[in-house]
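Okay, thanks for making the time, everyone. Let me put the chain up on the screen and then talk you through some spots that I think deserve a look.

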Amino acid sequence: MKVLVVGSGGREHALVKKLSESNYVSEIHAIPGNDSMKQYANTYPEISDVDIEKIKGKCESLKITWAIIGPEAPLNIGLTDSLEEIGVKVFGPRKLEAQLESSKEFAKKIMQQYDIPTADYRVFYSKVEARKYIEEKGAPIVLKKDGLAAGKGVAVAMTIEDALKALDDMLDESTEEGLVIEEFLEGEEFSLMVLVNGSYILPFDIIAQDHKRAYDHDQGPNTGGMGAYAPVTHLGDKVIEEAIEKIVQPMADAMVEEGLNYFGVMYLGAIITKDGIKVIEFNARFGDPEAQILLSLLESDLIEVLEAVNDKKDYQLQFSADSMLGIILASKGYPETATKGLGVKIPTILNDQVFNSGLKQVDGENFETVGGRTLLVTARGENLEAAKLAAYNNLKQVEFHDGDLFYRTDIGAKGL
């Protein structure tokens, strides 16, 4: 069959690589794709991932069977709805269901209505009212933009001053988009990916741990993710069981009760508090960079998995027993800015162990930055310690000018 992946980042690079291993796939296409995907897929850099009409046209001319949508923006504008209209099977929720990620208020209301554990919150459209609430509640406190923000629309403010500064940055009273302000939850975070079709769920058997802050020891601003590893063995299997029983299955059931039919990945960002596991956020697609790690460890045929979810069949996912760790190289100024045109050299020997998040190939091993997060450098090992050592050794082989790119040196530290 012919399969389309929509998106251009490291997550989509991992998807096309995984699909290339499938026994069912004859052709892989990626819109727009990136230069590192060309060894697996036909890419279409001239088509934007939010150009619905051109993507529909390409699907029709190529006779695409399955489309897998990577990023949140195409989901938010209804790409799934449009492709389903022309008979394409789409893995990724429709516009209504994608509100689980695109609207924090939508997600919070469902969690509140169906007693799904999450932080207490209020939604504000007035800066004056929001300021008053922050001053009453004190810090630490969390502020979240209600719309999509590519993983960066969250401020975890440890002081009142930081909270008020974030308020000025995040709440624009000239728009209709609100601001969710919620209580600060303390504990250890983890990510769980679950494949959902209505009330049917197929959870990944392993969890990953993302590193959201820009700098070591969880310092600096929130980013789209600076690295990840899996499995997170020190948290234990009971964490997965509790998350499924108290959060994921109830959320899938709640969506059905609300007349919605969710089909795609339900990504749970959760935290283990003294009162049990609570939801930090839901995303409507694979997390990045967790997807690069989890899809690499997945040994099941991805198309076989998608067909099982589509048909709501019992299925046992198979994962490698290895540990895997990945480190993001980000361009200077990230997450506030993305410095473009910086030179990066990636030895060919690393091809199978790197995922292109924001690089354009100049020639051979030479690339230039086109985004904030540029590259995920990974490695596998028989345990986390071995995977971490190998990943940082791989990173040392990537060449760039000092100061052009930066990375965290403590990815995986909580697991060791």
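This is a predicted model: local features need pLDDT of at least 70, side-chain atom pairs count only at pLDDT 80 or more; totals for chains, interfaces and linings use all residues.

So, Asp218 sits in the loop between β13 and β14, where helices (H or I, at least four residues) and strands (E, at least two) are DSSP runs, numbered from the N terminus. Its phi is near 55°, a positive value in a residue other than glycine. Residues are numbered from 1 along each chain as its sequence is written, and side-chain values use heavy atoms, with hydrogens and water left out.

Back to the loop. His217 is in there too, between β13 (213-215) and β14 (219-222), and has a positive phi near 60°. Is His217 buried or exposed? Exposed, with a relative accessible area of 63%, while Asp218 is partly exposed at 31%. The cut-offs there: buried is under 20% relative accessible area, exposed is over 50%, and partly exposed is in between, with a 1.4 Å probe and protein chains only.

One joins Ala230 and Pro231, with omega about -5°. Pro231 belongs to the loop between β15 (227-230) and α9 (237-257). Another cis bond joins Asp288 and Pro289, and there omega is about 25°. You'll find Pro289 in the loop between β17 (276-283) and α10 (290-297).

Okay, zooming out for a minute. The protein chain has twelve helices and 25 strands. For 416 residues, a compact globule would have a radius of gyration near 22 Å, and this chain comes in at 20 Å, which agrees. That radius is taken over C-alpha atoms, and the globule rule is 2.2 Å times the number of residues to the power 0.38. Along the principal axes, the C-alpha trace spans about 55 × 50 × 45 Å.

Of the 416 residues, 57% are buried. Then contacts, meaning heavy atoms within 4.5 Å: among those between residues at least 6 apart in sequence, 68% join residues at least 24 apart. The accessible surface is about 17,300 Å², and carbon and sulfur atoms account for 46% of that. Those areas come from Shrake-Rupley with a 1.4 Å probe, and for residues only the protein chains shown count as cover.

Now the strands. Two strands pair if DSSP finds at least two bridges between them. There's an open sheet of four strands in the order β21-β22-β19-β24, with antiparallel pairing. At the edges stand β21 (359-363) and β24 (399-400), each with a single partner strand, so one side of each has no neighbour in the sheet. Strands β19 (343-345) and β22 (366-369) pair antiparallel over three bridges, and Val344 has Phe367 in β22 as its bridge partner.

Next up, the β10 and β11 hairpin. It has two residues between the strands, and Gly198 takes a positive phi near 65°. Four bridges join β10 (188-197) to β11, running antiparallel, and Val194 stands opposite Pro203 in β11. In a regular strand the side chains alternate between the two faces of the sheet. In β11 (200-203), Tyr200 and Leu202 point one way, Ile201 and Pro203 the other, and all are buried.

Last stop, β23 (373-381). Why call it largely enclosed by the rest of the structure? Because eight of its nine residues are buried. Strand β18 (323-331) pairs with β23 in the antiparallel sense over eight bridges, with Ser323 opposite Gly381. Strand β20 is also joined to β23, antiparallel, by three bridges, and Phe355 has Leu376 as its bridge partner.

Leaving aside neighbours within four places in sequence, Asn356 has contacts including Ser8, His13, Asp35, Phe367 and Thr374.
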